[in-house]
Amino acid sequence: MTEKFSGNFTQQEPLPEDAIEAAMVVLRHGRLHRYNVAPGELGETALLEQEFAAQMGAKYCLAVSSGGYALATALRAVGVQPGDPVLTNAFTLAPVPGSIASVGGRAIFVGVTENLTIDLDDLERKLDQARVLMLSHMRGHLCDMDRLMQMCDAAGVIVIEDCAHTMGAAWRGQLSGRQGAIGCFSCQTYKHVNSGEGGLLVTDDEELAAKATMLSGSYMLYERHLAAPGPEVFDRIKYTTPNVSGRMDNLRAAILRPQLRDLDRQVERWNERYRALEAGLRGTPGLTIVERPKEETYVGSSIQFLLLDWSPERIADVLSRCAARGVELKWFGGAEPSGFTSRYDSWRYFDSERMPESDRVLAGVMDMRVPLTFSIEDCQLIARIIRTEVGAVYQS
Ligand SMILES: *Cc1c(COP(=O)(O)O)cnc(C)c1O
(Lines give C-alpha, C1' and ligand atoms only; values in the text may rest on other atoms or scores of the structure.)
Protein backbone atom coordinates (compact mmCIF):
# COMPACT_ATOMS: atom_id res chain seq x y z
CA MET A 1 0.00 0.00 0.00
CA THR A 2 1.38 3.45 -0.84
CA GLU A 3 1.55 5.75 2.15
CA LYS A 4 -0.14 9.14 1.91
CA PHE A 5 0.20 12.21 4.06
CA SER A 6 -3.05 13.91 5.00
CA GLY A 7 -1.78 16.90 7.04
CA ASN A 8 -2.27 20.54 6.12
CA PHE A 9 0.82 22.57 5.18
CA THR A 10 -0.82 25.89 6.03
CA GLN A 11 -2.45 25.03 9.37
CA GLN A 12 -0.91 26.82 12.34
CA GLU A 13 -1.24 25.87 15.95
CA PRO A 14 -3.91 27.73 17.91
CA LEU A 15 -2.64 30.71 19.86
CA PRO A 16 -1.63 29.87 23.44
CA GLU A 17 -4.26 30.40 26.13
CA ASP A 18 -2.35 33.24 27.79
CA ALA A 19 -2.28 35.08 24.46
CA ILE A 20 -6.02 34.61 24.05
CA GLU A 21 -6.61 35.92 27.57
CA ALA A 22 -4.36 38.93 26.96
CA ALA A 23 -6.29 39.67 23.76
CA MET A 24 -9.59 39.53 25.62
CA VAL A 25 -8.36 42.09 28.14
CA VAL A 26 -7.52 44.51 25.33
CA LEU A 27 -10.82 43.84 23.57
CA ARG A 28 -12.72 44.47 26.80
CA HIS A 29 -11.05 47.81 27.57
CA GLY A 30 -11.10 48.89 23.93
CA ARG A 31 -7.82 50.82 23.90
CA LEU A 32 -6.41 49.23 20.77
CA HIS A 33 -4.42 52.17 19.45
CA ARG A 34 -0.93 52.07 20.92
CA TYR A 35 -1.05 55.65 22.19
CA ASN A 36 -4.52 55.23 23.71
CA VAL A 37 -3.49 54.37 27.25
CA ALA A 38 -5.15 54.95 30.61
CA PRO A 39 -3.32 57.11 33.21
CA GLY A 40 -0.33 55.11 34.43
CA GLU A 41 -0.85 52.37 31.85
CA LEU A 42 2.21 51.51 29.72
CA GLY A 43 0.36 49.77 26.89
CA GLU A 44 0.89 46.36 25.31
CA THR A 45 2.83 47.69 22.30
CA ALA A 46 5.34 49.62 24.39
CA LEU A 47 5.80 46.60 26.65
CA LEU A 48 6.29 44.33 23.66
CA GLU A 49 9.06 46.61 22.41
CA GLN A 50 10.70 46.72 25.81
CA GLU A 51 10.62 42.93 26.12
CA PHE A 52 11.80 42.22 22.58
CA ALA A 53 14.68 44.69 22.94
CA ALA A 54 15.77 42.83 26.11
CA GLN A 55 15.33 39.43 24.47
CA MET A 56 17.48 40.54 21.52
CA GLY A 57 20.03 42.37 23.66
CA ALA A 58 19.27 45.51 21.64
CA LYS A 59 19.11 49.07 22.91
CA TYR A 60 16.05 49.98 20.86
CA CYS A 61 13.02 48.23 19.44
CA LEU A 62 10.06 49.42 17.39
CA ALA A 63 6.93 47.39 16.64
CA VAL A 64 5.22 48.08 13.30
CA SER A 65 2.42 46.84 11.08
CA SER A 66 4.36 44.25 9.04
CA GLY A 67 7.78 42.84 8.29
CA GLY A 68 7.77 44.50 4.89
CA TYR A 69 6.96 47.82 6.53
CA ALA A 70 9.90 47.32 8.92
CA LEU A 71 12.22 46.78 5.93
CA ALA A 72 11.00 49.91 4.14
CA THR A 73 11.26 51.92 7.36
CA ALA A 74 14.83 50.74 7.85
CA LEU A 75 15.70 51.81 4.29
CA ARG A 76 14.14 55.24 4.86
CA ALA A 77 15.86 55.61 8.23
CA VAL A 78 19.31 54.97 6.74
CA GLY A 79 18.55 57.60 4.12
CA VAL A 80 17.86 55.67 0.92
CA GLN A 81 16.55 58.22 -1.59
CA PRO A 82 14.67 57.70 -4.85
CA GLY A 83 17.06 56.33 -7.45
CA ASP A 84 19.58 55.04 -4.90
CA PRO A 85 20.98 51.57 -5.52
CA VAL A 86 20.45 48.94 -2.79
CA LEU A 87 22.20 45.57 -2.84
CA THR A 88 19.98 42.59 -2.04
CA ASN A 89 19.62 38.84 -2.49
CA ALA A 90 18.59 37.29 -5.80
CA PHE A 91 17.05 34.46 -3.74
CA THR A 92 14.42 35.91 -1.41
CA LEU A 93 10.70 36.60 -1.32
CA ALA A 94 8.87 39.44 -3.03
CA PRO A 95 8.44 41.76 0.03
CA VAL A 96 12.21 42.33 0.02
CA PRO A 97 12.62 43.85 -3.46
CA GLY A 98 9.18 45.35 -2.82
CA SER A 99 10.47 47.29 0.17
CA ILE A 100 13.27 48.72 -1.98
CA ALA A 101 10.78 49.68 -4.69
CA SER A 102 8.51 51.30 -2.10
CA VAL A 103 11.14 53.92 -1.26
CA GLY A 104 12.06 54.44 -4.92
CA GLY A 105 15.32 52.55 -4.58
CA ARG A 106 16.88 50.39 -7.26
CA ALA A 107 17.77 46.81 -6.37
CA ILE A 108 21.09 45.32 -7.40
CA PHE A 109 20.72 41.57 -7.03
CA VAL A 110 23.50 39.46 -5.55
CA GLY A 111 23.72 35.76 -6.39
CA VAL A 112 22.96 32.68 -4.29
CA THR A 113 25.24 29.72 -3.49
CA GLU A 114 24.40 26.04 -3.18
CA ASN A 115 24.14 26.67 0.59
CA LEU A 116 21.24 28.99 -0.28
CA THR A 117 23.05 31.98 1.20
CA ILE A 118 24.15 35.19 -0.47
CA ASP A 119 27.21 34.68 -2.72
CA LEU A 120 29.89 36.64 -0.86
CA ASP A 121 32.24 36.66 -3.85
CA ASP A 122 29.52 38.20 -5.99
CA LEU A 123 28.77 40.65 -3.17
CA GLU A 124 32.43 41.61 -2.99
CA ARG A 125 32.40 42.41 -6.72
CA LYS A 126 29.28 44.59 -6.38
CA LEU A 127 30.03 46.21 -3.04
CA ASP A 128 31.17 49.51 -4.54
CA GLN A 129 27.85 49.98 -6.34
CA ALA A 130 25.73 50.89 -3.29
CA ARG A 131 25.98 52.15 0.28
CA VAL A 132 23.25 49.86 1.66
CA LEU A 133 22.82 46.07 1.68
CA MET A 134 19.39 44.64 2.40
CA LEU A 135 20.50 41.18 3.50
CA SER A 136 17.74 38.58 3.46
CA HIS A 137 18.39 35.50 5.57
CA MET A 138 16.15 33.68 3.17
CA ARG A 139 14.57 30.49 4.52
CA GLY A 140 16.67 30.84 7.63
CA HIS A 141 20.08 30.20 6.04
CA LEU A 142 22.80 32.40 7.52
CA CYS A 143 25.84 33.19 5.39
CA ASP A 144 29.32 33.59 6.90
CA MET A 145 28.30 36.66 8.89
CA ASP A 146 31.87 37.31 10.02
CA ARG A 147 33.11 37.66 6.46
CA LEU A 148 30.03 39.59 5.36
CA MET A 149 30.29 42.15 8.16
CA GLN A 150 34.04 42.56 7.65
CA MET A 151 33.52 43.24 3.96
CA CYS A 152 30.62 45.64 4.49
CA ASP A 153 32.29 47.50 7.36
CA ALA A 154 35.47 47.93 5.34
CA ALA A 155 33.49 49.25 2.37
CA GLY A 156 31.27 51.48 4.51
CA VAL A 157 28.14 49.60 3.42
CA ILE A 158 25.23 49.72 5.90
CA VAL A 159 23.66 46.29 6.50
CA ILE A 160 19.93 45.93 7.10
CA GLU A 161 18.98 42.38 8.03
CA ASP A 162 15.74 40.77 6.89
CA CYS A 163 15.18 38.24 9.68
CA ALA A 164 11.70 37.11 8.63
CA HIS A 165 12.97 33.50 8.79
CA THR A 166 15.64 33.84 11.47
CA MET A 167 13.83 35.03 14.59
CA GLY A 168 15.54 32.90 17.26
CA ALA A 169 18.50 31.93 15.04
CA ALA A 170 22.12 32.90 15.74
CA TRP A 171 25.58 33.05 14.16
CA ARG A 172 28.32 31.92 16.56
CA GLY A 173 25.93 32.57 19.42
CA GLN A 174 25.01 36.11 18.37
CA LEU A 175 21.31 36.46 17.63
CA SER A 176 20.33 37.03 14.01
CA GLY A 177 19.38 40.65 13.48
CA ARG A 178 22.14 41.96 15.74
CA GLN A 179 25.06 42.04 13.32
CA GLY A 180 23.77 44.71 10.94
CA ALA A 181 22.74 48.28 11.73
CA ILE A 182 19.06 47.27 11.87
CA GLY A 183 17.38 43.88 12.20
CA CYS A 184 13.83 43.47 10.86
CA PHE A 185 11.38 40.71 11.82
CA SER A 186 7.95 39.64 10.67
CA CYS A 187 5.15 38.46 12.98
CA GLN A 188 2.98 37.35 10.10
CA THR A 189 1.14 34.03 10.48
CA TYR A 190 3.72 31.94 8.58
CA LYS A 191 6.72 33.18 10.57
CA HIS A 192 7.97 32.29 14.06
CA VAL A 193 5.39 34.23 16.05
CA ASN A 194 1.87 34.85 14.82
CA SER A 195 -0.18 38.02 15.07
CA GLY A 196 -1.63 37.71 11.57
CA GLU A 197 0.41 40.71 10.47
CA GLY A 198 3.11 42.60 12.30
CA GLY A 199 6.78 43.52 12.33
CA LEU A 200 9.60 44.34 14.73
CA LEU A 201 12.77 46.32 14.19
CA VAL A 202 15.82 46.40 16.48
CA THR A 203 18.91 48.60 16.48
CA ASP A 204 21.56 50.03 18.78
CA ASP A 205 21.74 53.29 16.82
CA GLU A 206 19.83 56.08 18.59
CA GLU A 207 19.32 58.19 15.51
CA LEU A 208 18.06 55.29 13.38
CA ALA A 209 15.72 54.30 16.24
CA ALA A 210 14.33 57.81 16.58
CA LYS A 211 13.82 58.18 12.83
CA ALA A 212 12.14 54.78 12.55
CA THR A 213 9.82 55.69 15.42
CA MET A 214 8.79 58.99 13.83
CA LEU A 215 8.41 57.30 10.45
CA SER A 216 6.12 54.64 11.95
CA GLY A 217 3.64 57.33 12.96
CA SER A 218 4.49 58.32 16.52
CA TYR A 219 3.30 61.93 16.10
CA MET A 220 4.98 63.74 19.00
CA LEU A 221 4.05 60.93 21.41
CA TYR A 222 7.39 59.15 21.22
CA GLU A 223 7.93 59.58 24.94
CA ARG A 224 5.36 56.81 25.45
CA HIS A 225 7.83 54.34 23.97
CA LEU A 226 9.78 52.20 26.43
CA ALA A 227 12.52 51.04 24.05
CA ALA A 228 13.23 54.30 22.20
CA PRO A 229 16.00 56.87 22.69
CA GLY A 230 15.50 59.98 24.82
CA PRO A 231 13.65 63.14 23.68
CA GLU A 232 16.94 64.92 22.93
CA VAL A 233 17.52 62.50 20.05
CA PHE A 234 14.01 63.11 18.70
CA ASP A 235 14.65 66.86 18.91
CA ARG A 236 17.34 66.42 16.27
CA ILE A 237 15.13 64.65 13.72
CA LYS A 238 11.49 65.42 14.49
CA TYR A 239 11.05 68.30 12.03
CA THR A 240 12.67 66.49 9.14
CA THR A 241 11.29 62.97 9.49
CA PRO A 242 7.90 62.33 7.86
CA ASN A 243 5.09 60.28 9.40
CA VAL A 244 4.50 57.22 7.22
CA SER A 245 1.91 55.51 9.42
CA GLY A 246 2.50 51.81 10.01
CA ARG A 247 2.11 51.29 13.75
CA MET A 248 1.56 48.09 15.67
CA ASP A 249 -1.66 47.98 17.76
CA ASN A 250 -2.22 46.77 21.30
CA LEU A 251 -4.25 43.73 20.28
CA ARG A 252 -1.47 42.24 18.21
CA ALA A 253 1.14 43.21 20.76
CA ALA A 254 -0.90 41.46 23.47
CA ILE A 255 -0.91 38.17 21.59
CA LEU A 256 2.77 38.46 20.64
CA ARG A 257 4.17 38.94 24.13
CA PRO A 258 3.36 35.42 25.42
CA GLN A 259 4.53 33.89 22.13
CA LEU A 260 7.91 35.61 22.35
CA ARG A 261 8.37 34.32 25.88
CA ASP A 262 7.87 30.83 24.44
CA LEU A 263 10.13 31.27 21.40
CA ASP A 264 13.03 29.06 22.53
CA ARG A 265 10.74 26.10 23.15
CA GLN A 266 9.07 26.55 19.76
CA VAL A 267 12.48 26.72 18.07
CA GLU A 268 13.40 23.39 19.66
CA ARG A 269 10.13 21.85 18.43
CA TRP A 270 10.80 23.12 14.89
CA ASN A 271 14.28 21.71 14.96
CA GLU A 272 13.12 18.25 16.10
CA ARG A 273 10.89 18.18 13.03
CA TYR A 274 13.61 19.55 10.77
CA ARG A 275 16.11 16.94 11.96
CA ALA A 276 13.59 14.15 11.33
CA LEU A 277 13.04 15.40 7.78
CA GLU A 278 16.73 15.90 7.12
CA ALA A 279 17.64 12.44 8.42
CA GLY A 280 14.92 10.89 6.28
CA LEU A 281 16.10 12.67 3.12
CA ARG A 282 19.82 12.18 3.58
CA GLY A 283 21.34 9.74 1.12
CA THR A 284 18.53 9.99 -1.45
CA PRO A 285 20.21 9.57 -4.86
CA GLY A 286 20.07 12.76 -6.93
CA LEU A 287 19.03 14.89 -3.95
CA THR A 288 21.40 17.40 -2.32
CA ILE A 289 20.91 18.22 1.36
CA VAL A 290 21.62 21.85 2.29
CA GLU A 291 24.28 21.38 4.98
CA ARG A 292 24.14 23.78 7.94
CA PRO A 293 27.43 25.39 9.05
CA LYS A 294 28.51 24.66 12.61
CA GLU A 295 28.52 28.39 13.45
CA GLU A 296 24.80 28.58 12.69
CA THR A 297 21.97 28.05 15.18
CA TYR A 298 19.00 27.68 12.88
CA VAL A 299 15.23 27.53 13.19
CA GLY A 300 13.91 24.68 11.06
CA SER A 301 10.53 26.21 10.27
CA SER A 302 11.01 25.18 6.64
CA ILE A 303 13.33 22.81 4.83
CA GLN A 304 15.02 23.05 1.44
CA PHE A 305 16.84 20.54 -0.70
CA LEU A 306 18.31 20.71 -4.19
CA LEU A 307 17.65 18.69 -7.30
CA LEU A 308 20.71 20.12 -9.01
CA ASP A 309 20.91 19.86 -12.80
CA TRP A 310 17.58 18.05 -13.06
CA SER A 311 15.48 18.95 -16.10
CA PRO A 312 12.35 21.03 -15.41
CA GLU A 313 10.21 18.14 -16.67
CA ARG A 314 11.66 15.71 -14.15
CA ILE A 315 11.30 18.21 -11.33
CA ALA A 316 7.69 18.81 -12.33
CA ASP A 317 7.23 15.03 -12.21
CA VAL A 318 8.58 14.89 -8.64
CA LEU A 319 6.29 17.76 -7.63
CA SER A 320 3.18 16.10 -8.99
CA ARG A 321 4.04 12.67 -7.60
CA CYS A 322 4.63 14.15 -4.13
CA ALA A 323 1.45 16.26 -4.39
CA ALA A 324 -0.53 13.13 -5.26
CA ARG A 325 0.66 11.67 -1.95
CA GLY A 326 -0.23 14.78 0.02
CA VAL A 327 3.23 16.40 0.15
CA GLU A 328 3.29 20.02 -1.02
CA LEU A 329 6.69 21.07 -2.29
CA LYS A 330 7.43 24.54 -3.64
CA TRP A 331 9.85 24.98 -6.49
CA PHE A 332 11.86 28.16 -7.04
CA GLY A 333 12.87 27.13 -10.55
CA GLY A 334 9.49 27.50 -12.22
CA ALA A 335 9.32 29.86 -15.20
CA GLU A 336 6.27 31.65 -13.74
CA PRO A 337 6.00 33.03 -10.19
CA SER A 338 3.26 31.22 -8.27
CA GLY A 339 1.88 31.38 -4.75
CA PHE A 340 4.53 32.82 -2.44
CA THR A 341 7.31 31.74 -4.80
CA SER A 342 9.08 34.05 -7.24
CA ARG A 343 12.65 34.84 -8.28
CA TYR A 344 14.75 37.82 -9.19
CA ASP A 345 13.81 37.74 -12.84
CA SER A 346 10.10 37.80 -11.88
CA TRP A 347 10.51 41.26 -10.34
CA ARG A 348 10.48 43.11 -13.63
CA TYR A 349 10.17 46.53 -12.03
CA PHE A 350 13.94 46.20 -11.60
CA ASP A 351 16.50 45.46 -14.27
CA SER A 352 18.64 42.45 -13.55
CA GLU A 353 21.49 40.73 -15.24
CA ARG A 354 21.38 36.99 -15.69
CA MET A 355 23.37 35.11 -13.07
CA PRO A 356 24.06 31.67 -14.54
CA GLU A 357 25.47 30.12 -11.36
CA SER A 358 22.54 31.37 -9.30
CA ASP A 359 20.11 30.26 -11.99
CA ARG A 360 21.52 26.75 -11.75
CA VAL A 361 20.89 26.72 -7.99
CA LEU A 362 17.45 28.35 -8.20
CA ALA A 363 16.41 25.88 -10.89
CA GLY A 364 16.90 23.09 -8.36
CA VAL A 365 15.62 24.62 -5.09
CA MET A 366 12.79 22.66 -3.51
CA ASP A 367 11.15 24.13 -0.46
CA MET A 368 8.74 22.87 2.14
CA ARG A 369 7.11 24.56 5.09
CA VAL A 370 7.21 22.73 8.43
CA PRO A 371 4.21 23.77 10.53
CA LEU A 372 4.32 22.84 14.20
CA THR A 373 1.01 21.03 13.75
CA PHE A 374 3.06 18.22 12.11
CA SER A 375 4.24 15.47 14.45
CA ILE A 376 7.70 13.91 14.26
CA GLU A 377 6.05 10.83 12.72
CA ASP A 378 4.44 13.09 10.10
CA CYS A 379 7.88 14.41 9.22
CA GLN A 380 9.31 10.90 8.95
CA LEU A 381 6.43 9.92 6.67
CA ILE A 382 6.89 13.02 4.49
CA ALA A 383 10.60 12.25 4.14
CA ARG A 384 9.82 8.64 3.09
CA ILE A 385 7.40 9.91 0.45
CA ILE A 386 9.87 12.44 -0.98
CA ARG A 387 12.65 9.87 -0.92
CA THR A 388 10.58 7.33 -2.81
CA GLU A 389 9.30 9.76 -5.44
CA VAL A 390 12.65 11.49 -6.03
CA GLY A 391 14.21 8.03 -6.31
CA ALA A 392 11.58 6.81 -8.76
CA VAL A 393 12.04 9.78 -11.10
CA TYR A 394 15.82 9.72 -10.72
CA GLN A 395 16.00 6.10 -11.79
CA SER A 396 13.48 6.39 -14.64
C1 LIG B 1 7.41 37.33 5.13
C2 LIG B 1 8.65 37.90 4.65
C3 LIG B 1 8.91 39.27 4.70
C4 LIG B 1 7.91 40.32 5.02
O5 LIG B 1 7.07 40.08 6.05
P6 LIG B 1 5.53 40.58 6.05
O7 LIG B 1 5.29 40.67 7.51
O8 LIG B 1 4.73 39.56 5.35
O9 LIG B 1 5.48 41.93 5.38
C10 LIG B 1 10.17 39.70 4.35
N11 LIG B 1 11.11 38.85 3.94
C12 LIG B 1 10.89 37.53 3.82
C13 LIG B 1 12.01 36.65 3.35
C14 LIG B 1 9.65 37.02 4.16
O15 LIG B 1 9.43 35.70 4.03
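Predicted model: local features only at pLDDT ≥ 70, side-chain atom pairs only at ≥ 80, totals over all residues.
Local features require pLDDT of at least 70 and side-chain atom pairs count only at pLDDT 80 or more, whereas totals for chains, interfaces and linings use all residues. Residues are numbered from 1 along each chain as its sequence is written, and side-chain values use heavy atoms, with hydrogens and water left out.

The shell around the ligand holds 16 residues, of which Gly67, Gly68, His165, Ser186 and Lys191 come nearest; a residue is near if one of its heavy atoms lies within 4 Å. By class, the shell has nine polar residues, Gly counting as polar, five nonpolar and two charged. Helices α3 (67-77) and α4 (95-102) are the elements that give two or more residues to this shell, and α3 provides the largest share, with three residues. Helices are DSSP runs of H or I with at least four residues, and strands are runs of E with at least two.

Oxygen atoms of the ligand lie 2.8 Å from a polar backbone atom of Gly67, 2.7 Å from a backbone N or O atom of Gly68 and 3.0 Å from a side-chain N or O atom of Lys191. Taken alone, the ligand exposes 380 Å², and the protein buries 92% of that area (Shrake-Rupley method, 1.4 Å probe).

Four strands form an open antiparallel sheet in the order β10-β12-β14-β13, where pairing requires at least two DSSP bridges between strands. The edge strands, β10 (288-289) and β13 (330-331), each pair on one side only. Two bridges join β13 to β14 (residues 365-369) in the antiparallel sense, and Trp331 has Met366 of β14 as its bridge partner.

Note on methods: Polar contact = N/O pair within 3.5 Å; in protein donor to acceptor, adjacent residues only side chain to side chain.
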